[in-house]
Amino acid sequence: MSRNKESISKVIKRRVWIIFWCSIVAYSFLIYRLVTIQILEADKYKEKAAMQSIQKVDLNSGRGIIYDRNSKPLTDTVKEQVMIVEKESFINDSEIRSLVEECSKMKVKDIYLNIEKQLNSSVFEIKVENLSDDMKKKLLEKNIIVEEKTLRYPSKGLLSHTIGHIKSSDKSGQSGIEKSMDDVLKKSNEKYVSAFKAGASGNTQDLSILKGSIKTVNKVENAKHIKLTIDKKIQKNIEEIVDKEENPTAVVVSDVDTGEILSMSSRPNFDQNNVFEYNKSQKGELVNRAIQSIYPPGSVFKIVVLYAALEEGVIDESYTYNCTGKTKVGKNGEVLNCNKKEGHGIQTLQQAFSNSCNTAFFDIAQKVGEDKIIECAKKLKLDELVDIGLDEEKSREIPTDIPIRNLAIGQGSLGFTPLQINQMTQIISNNGTYKPLYLYDSIVDNNKKIIKNFRSSKKEDIISPYTITIVKELMKGVSKDGTGKNLKDINGGCGVKTGTAESVSNGKDVNHGWITGFYPEERPKYAITVLVEGTEQKSKPALPVFKEICMKLSK
């Protein structure tokens with residue numbers, strides 16, 4: 001019997017200890033949660049409580065402004081006046097309804113339709129124009145305020161693809177600069193209307209706006225903004241030019257000496273305020289063709305072949321070639337045709353380059369060899385991202401097994417973005433000195449004072465003085481007597497290389513038009529690259545766009 005009692009006693013003690021330690025754990029957890037809620041996460045819960053009692057109406061995107069190189073705003077340029085009205089008052093007060101109807105110049109029926117679009121809010125906003133100060137005072141007496149609202153984007157945006165767009169619900173960056181610089185731009189420069197809601201004690205469902213509680217809040221003290229290298233005037237001029245072109249286009253213009261990107265455009269354009277409209281489109285409006293689309297370089301790649309041949313010493317200025325219109329390639333009797341079927345005849349190096357003679361450049365490429373051509377392409381940075389700080393930027397590895405016939409004329413599996421071709425052009429235009437292209441100038445405060453500088457001091461001498469002198473002179477010759485001779489009347493002259501890139505669209509052969517070069521011809525200021533996509537309906541050259549850009553830059 002004593003043994004049974006002793007056994008029962010041990011069981012009871014064990015249970016007591018278990019209950020004790022469970023209680024300790026439970027109380028410890030409760031204490032931890034109290035400390036977390038009251039101290040560690042106090043601000044978060046205060047904000048949640050405040051949000052239950054405060055209604056916000058945004059008066060801007062709450063994001064830093066994006067400026068051009070001259071501190072001209074590229075976003076937040078459109079302003080409009082709005083009235084902020086409590087729904088309950090509008091519904092129950094006929095005088096308020098009459099005031100809103102008078103100021104908005106809308107019928108009550110249309111105002112109710114406007115309210116239905118803002119169902120999740122206790123207040124609604126409605127656009128107004130040219131209200132007098134007396135009317136604003138009259139509205140304020142009725143707890144209605146009139147404020148200026150700043151739209152993030154205009155209906156027809158400038159630099160749309162590069163800037164990108166934000167999500168309408170939480171204002172987070174979804175593409176372009178908005179996405180890549182989201183951490184800098186978000187929750188900065190906030191302006192909104194705050195309305196305090198209150199109700200019976202313990203009632204959180206049926207809250208109404210307290211009279212006099214609607215006020216404007218500005219949180220701009222520590223705002224951060226982005227300053228770009230883009231020149232708004234040049235960008236506007238170029239977009240006006242490409243808007244006249246019916247085929248898709250991509251244009252990059254950079255400063256030869258500094259590597260600053262002055263303009264970058266892609267067409268077709270899109271409305272940043274209504275991105276959802278393009279979800280099912282097949283036209284590629286949301287694609288930034290300047291940095292995302294990879295195209296065969298066509299005869300533009302002959303710049304690389306020429307550079308490689310001169311650097312390796314396999315040709316010089318005395319080189320000549322007799323073009324008969326075609327030549328055999330490989331061991332299977334394949335034929336490479338020239339762009340002039342009857343042939344160019346005997347040509348100098350200048351003439352072969354100006355005429356973009358395929359057979360001559362096949363001959364030159366054979367003298368150089370695949371490995372050296374690819375090596376020189378890499379020296380010109382064509383095997384890597386330019387890396388201007390946009391998540392969408394792409395590049396393609398240069399294949400090592402590409403046939404010499406394709407290397408010679410820039411066809412086959414070779415592919416580069418217009419931005420990469422512009423980087424190559426910057427090196428050539430800058431007498432063989434590489435300056436990395438860049439888009440971001442700095443982060444600035446409200447007074448435009450620099451918080452962080454992005455300007456690059458990196459430079460690298462790539463091409464020898466002898467070679468670069470010849471390459472630039474040959475490019476000038478293209479604009480006078482060759483495939484770019486329609487550029488010879490441009491004020492200041494230019495140096496270019498044109499190209500036609502063979503591609504396929506929906507199973508049909510198309511030709512993309514390239515041109516890249518420098519302007520003016522002496523002491524170049526601008527490196528300009530233009531791509532005009534070929535479509536199933538029409539393939540077009542890029543030269544007319546290039547010419548008009550140069551004419552605008554000369555003014």
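**A buried asparagine and an open sheet**

Asn247 counts as buried because its relative accessibility is 5%, where buried means under 20% relative accessible area, exposed over 50% and partly exposed in between, with a 1.4 Å probe and protein chains only. This is a predicted model, in which local features need pLDDT of at least 70 and side-chain atom pairs count only at pLDDT 80 or more, while totals for chains, interfaces and linings use all residues. Residues are numbered from 1 along each chain as its sequence is written, and side-chain values use heavy atoms, with hydrogens and water left out.

- Asn247 sits in the loop that lies between helix H10 (232–242) and strand S10 (249–255), helices (H or I, at least four residues) and strands (E, at least two) being DSSP runs numbered from the N terminus.
- Leaving aside neighbours within four places in sequence, Asn247 is in contact (heavy atoms within 4.5 Å) with Val532, Glu533, Gly534, Thr535, Lys538 and Lys540.
- A polar atom of the Asn247 side chain lies 3.0 Å from the backbone oxygen of Lys538.

**The sheet S4-S3-S5**

- An open sheet is formed by 3 strands in the order S4-S3-S5, with antiparallel pairing, where two strands pair if DSSP finds at least two bridges between them.
- Strand S4 (123–128) and strand S5 (145–151) stand at the edges with a single partner strand each, so one side of each is left without a neighbour in the sheet.
- Strand S3 (residues 78–86) is joined to S5 by 7 bridges, the two running antiparallel, and Lys79 stands opposite Thr150 in S5.

Definitions and conventions. Polar contact = N/O pair within 3.5 Å; in protein donor to acceptor, adjacent residues only side chain to side chain.
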